[in-house]
Amino acid sequence: RDKIYIMGYKYLFKYICHRKPERSFFIKGHQFPVCSRCTGLYISMMVYVVYAYLMPIHYTLNYIYYAILLIIPCFVDGFTQALGKRESNNTLRFITGLLAGIGIMVILKFVKLILWR
């Protein structure tokens with residue numbers, strides 16, 4: 001029964017993250033379900049949803065500029081690593097994921113406000 005649960009767990013997450021062990025966090029020998037960058041992304045996205053629900057935010061075009069600035073470090077880190085220019089580490093991946101998650105949510109919220117006016 002446990003083996004079936006774990007297999008289903010891995011099957012679900014393989015579509016949202018590469019889950020490479022060398023790019024993931026471990027707790028007591030157990031690998032996180034997603035890599036360190038995705039961990040940062042998902043944590044900040046969830047926190048932002050709660051924050052945006054509890055605090056009124058008046059979105060302006062400047063928010064989009066800031067959101068893009070928050071996404072750039074994650075893009076640069078991932079892109080330069082993919083090109084083989086350098087090797088990142090899990091702490092940097094996590095931090096850039098945290099920043100990008102906030103930027104993505106601001107952009108999504110802004111787009112939602114524009115489309116559903």
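G97 is found in helix α4, where helices are DSSP runs of H or I with at least four residues, strands are runs of E with at least two, and both are numbered from the N terminus. The model is a predicted one, in which local features need pLDDT of at least 70 and side-chain atom pairs count only at pLDDT 80 or more, while totals for chains, interfaces and linings use all residues. Residues are numbered from 1 along each chain as its sequence is written, and side-chain values use heavy atoms, with hydrogens and water left out.

**G97 and its surroundings**

At 0% relative accessibility, G97 counts as buried, a word that stands for under 20% relative accessible area, with exposed meaning over 50% and partly exposed lying in between (1.4 Å probe, protein chains only). Once the neighbours within four places in sequence are set aside, G97 is in contact with R37, G40, L41, S44 and C74, a contact being heavy atoms within 4.5 Å. Although G97 and T39 are 58 residues apart along the chain, their C-alpha atoms are separated by 7.3 Å.

**The chain as a whole**

The chain has 4 helices and 2 strands, and reading along the sequence gives the pattern α-β-β-α-α-α. Of its 117 residues, 29% are buried. Among the contacts with a separation of 6 or more, 58% are accounted for by residues 24 or more positions apart. The accessible surface comes to about 8,600 Å², and 70% of this belongs to carbon and sulfur atoms; such areas come from the Shrake-Rupley method with a 1.4 Å probe, and for residues only the protein chains shown count as cover.

The axes of α2 and α4 come within 6 Å and cross at roughly 35°, where axes are lines fitted to C-alpha atoms, for helices over the stretch in contact, and angles run from 0 to 180 degrees between N-to-C directions.

The axes of α3 and helix α4 (residues 90-115) come within 8 Å and cross at roughly 145°, and the crossing of α3 and α4 is left-handed. Here C74 and D77 are among the α3 residues, and R93, G97 and A100 are among those of α4.

**Salt bridges**

The structure holds 3 salt bridges, each being a side-chain nitrogen of Lys or Arg within 4 Å of a carboxyl oxygen of Asp or Glu.

| Pair | N to O distance |
|---|---|
| D77 and R37 | 2.5 Å |
| R86 and D77 | 2.3 Å |
| E87 and R93 | 3.3 Å |

D77 forms a salt bridge with R37, and this pair links distant parts of the chain, with D77 in helix α3 and R37 in helix α2, 40 residues apart. D77 is buried, with a relative accessible area of 2%, and R37 is buried as well, at 16%. R86, which also pairs with D77, is partly exposed, with a relative accessible area of 32%. In the pair of E87 and R93, E87 is exposed, with a relative accessible area of 57%, whereas R93 is buried, with a relative accessible area of 2%.

I57 is found in the loop between α2 (36-54) and α3. At 19% relative accessibility, I57 counts as buried, and, leaving aside its neighbours within four places in sequence, I57 is in contact with Y48, Y51, A52 and Y63.

Y63 also takes part in a nonpolar surface patch of about 890 Å², which is made by Y63, Y66, I68, L69, I72, F75, V76, F79 and L83. Patches are made of residues with over 30% relative accessible area and no salt bridge, where like charges are joined within 9 Å and nonpolar side chains (Val, Leu, Ile, Met, Phe, Trp, Tyr) within 5 Å. V76, one of the patch residues, is found in helix α3 (residues 61-82) and, at 40% relative accessibility, counts as partly exposed.

Notes: Left-handed = near helix turned anticlockwise from the far one by under 90°.
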